Amino acid sequence: MRFPDDFIFGGATAAYQAEGATKEDGKGRVPWDSFLEEQGRFSPDPACDFYHLYPEDLKLAHDFHLNGIRLSIAWSRIFPTGAGAVEPRGVRFYHEMFAECQKQGVEPFVTLNHFDPPEAVQNDDGWLNPENVRKFEDYARFCFEEFPEIRYWITINEPTSMSGQQYISGTFPPGEKNNFFKAFQAEHAMNLAHARAVNAYKEMGLPGEIGVVHALQTVYPYDPDDAGDQHAAALLDALEDRFYLDGTLEGSYSDETLSLVSEILEANDSPMIDITDDEVAILTKAADQMDFVGVNYYFSKFEKEYHGPSEVIHNGTGAKGSSVCRLQGVGEERMRDGIETTDWDWAIYPQGLYDQLMRIKRDYPKAGKVYITENGIGLKESLPADGSMIRDQKRIDYVSLHMAEVLRAIESGVDVRGYFIWSLQDMFSWTNGYSKRYGLFFVDFETQERHPKQSAYWFKRMIDTKEIPPTKEES
Ligand code: BGP
């Protein structure tokens with residue numbers, strides 16, 4: 001089976017991970033600036049210096065026949081404090097960069113917020129403050145009007161990763177731990193911010209398309225026959241997938257989802273979060289008019305019944321086997337025997353992508369078109385001393401297996417329109433720094449030179465033939 005002729009084969013990026021130049025041209029601070037400074041592990045500057053080197057990266061994308069790029073606008077380059085006066089240098093940068101995308105035949109899919117709200121917004125209670133939800137809508141309206149050259153908009157990247165890491169694992173700023181109440185309330189607020197932006201876009205009668213991007217990890221019971229494990233999997237699925245799939249794709253939360261959410265909150269001595277009828281009406285209106293959903297898929301999880309306190313150990317260095325995730329009122333992650341994992345303990349489980357896509361088709365009929373907006377594997381890589389090409393066989397194998405599941409889903413009736421590999425070029429990883437590389441193009445962070453990896457040539461062959469190429473050169 002082949003990919004459709006108009007399939008988008010893209011590379012994904014995000015402003016804060018790629019641009020660098022965090023203090024240039026009037027950009028406002030974001031919470032990560034202080035968070036990373038305090039950690040002292042690595043700096044967001046210069047990242048892969050996309051702010052200055054985008055012509056080179058877009059030319060590479062063009063040369064390797066990619067026809068799409070996912071990137072984000074840094075809200076703080078346009079409105080340094082989230083609202084008020086516009087920074088014209090930020091606006092000009094995005095116009096120029098989008099023009100270069102068009103010149104190179106690489107369609108930009110633009111995310112309005114990819115984990116980097118302005119610091120002033122976060123300091124004012126972030127998404128938990130309804131005023132900030134309104135500010136996001138104003139920023140979105142500004143961008144819709146200012147950038148008519150953009151045909152594909154994404155409101156928010158991965159609301160649940162954002163809120164979970166801000167308020168449960170504490171790995172994102174403000175670094176709070178085990179606050180399930182804030183995590184769910186912030187997630188609802190992001191669903192709402194997303195919905196307000198969708199409704200604004202449609203109200204403005206604009207001709208393009210708009211959607212949201214979710215991180216979906218498919219959750220299975222560790223022991224499929226154990227009732228306790230089955231329930232733990234349902235709880236984790238509610239926390240990680242279902243609450244915001246309901247909120248954005250259906251436009252209301254089902255009784256079953258809300259009962260799982262309240263069970264988690266009760267077990268953590270938290271009251272139920274606030275959700276008003278007026279807010280649900282806004283969510284429903286958006287779900288009824290949204291054009292597509294973006295799916296970020298990297299791994300699946302296997303969940304065991306667990307009734308102790310929360311304990312999360314984040315593997316942020318690639319020390320294989322160091323992760324722990326037990327959540328009070330939810331369950332414990334436990335890898336099933338025989339499943340390969342990455343150095344960062346992510347289960348390589350391509351079938352999870354197929355199962356997740358089929359679940360969207362089954363449970364969320366309003367969803368419509370689907371793009372795989374991120375998929376890829378983080379590896380420790382360095383340039384061979386003899387100057388030869390990086391042979392990233394693991395990435396080729398990983399992408400090939402996941403693309404096969406995409407084809408299988410298309411065959412089963414899921415309307416998948418495109419696939420964006422994470423990432424186009426190497427960049428920095430929020431909690432792992434520069435040693436976890438995902439790119440088709442290797443970046444030497446000292447010299448900022450780009451070197452296409454073997455996977456880039458393999459990916460190009462897939463784009464040219466619209467078929468999954470053999471994963472070994474000789475075959
Ligand atoms: C997604 C984010 C990306 C990117 C990716 C890889 O959740 O949207 O921004 O970082 O995950 O994750 P990591 O960098 O933690 O390996």
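In the predicted model, eight strands form a closed barrel in the order β1-β2-β3-β4-β5-β7-β12-β13, with parallel pairing. Neighbouring strands of this sheet are turned against each other by 25° on average, direction ignored. Tyr152 has Glu209 of β5 as its bridge partner. Helix α7, residues 130–146, packs on the sheet and touches β4 and β5 as well as β3 (107–113). The direction of α7 makes about 155° with that of β3.

Helix α7 also contributes to the second largest pocket, together with α9 (180–203) and α12 (277–289), each of these helices supplying at least two residues of the lining. The space in this pocket amounts to about 270 Å³. The lining comprises 13 residues, of which Leu128, Pro130, Ala189, Leu192 and Glu279 are the closest to the pocket centre. Helix α9 provides the largest share of the lining, with 5 residues. By class, 7 of the lining residues are nonpolar, 2 are polar and 4 are charged.

The lining of the largest cavity consists of Ala15, Tyr16, Glu19, Gly20, Thr22, Lys27, Ala74, Arg77 and Asp116. These residues divide into 3 nonpolar, 2 polar and 4 charged.

Note on methods:
Residues are numbered from 1 along each chain as its sequence is written. This is a predicted model: local features need pLDDT of at least 70, side-chain atom pairs count only at pLDDT 80 or more; totals for chains, interfaces and linings use all residues. Side-chain values use heavy atoms; hydrogens and water are left out. On a 1 Å grid over the protein atoms alone, a cavity is a set of points where a 1.4 Å probe fits but cannot get out, and a pocket is an open set with protein on both sides within 12 Å along at least five of seven lines; lining residues have an atom within 4 Å of a point. Ala, Val, Leu, Ile, Met, Phe, Trp, Tyr, Cys and Pro count as nonpolar, Asp, Glu, Lys and Arg as charged, and the others, Gly among them, as polar. Two strands pair if DSSP finds at least two bridges between them. Helices (H or I, at least four residues) and strands (E, at least two) are DSSP runs, numbered from the N terminus. Axes are lines fitted to C-alpha atoms, for helices over the stretch in contact, and angles run from 0 to 180 degrees between N-to-C directions. Contact means heavy atoms within 4.5 Å. Grid points are joined across faces, edges and corners, and a volume is the space filled by probe spheres set on the points.
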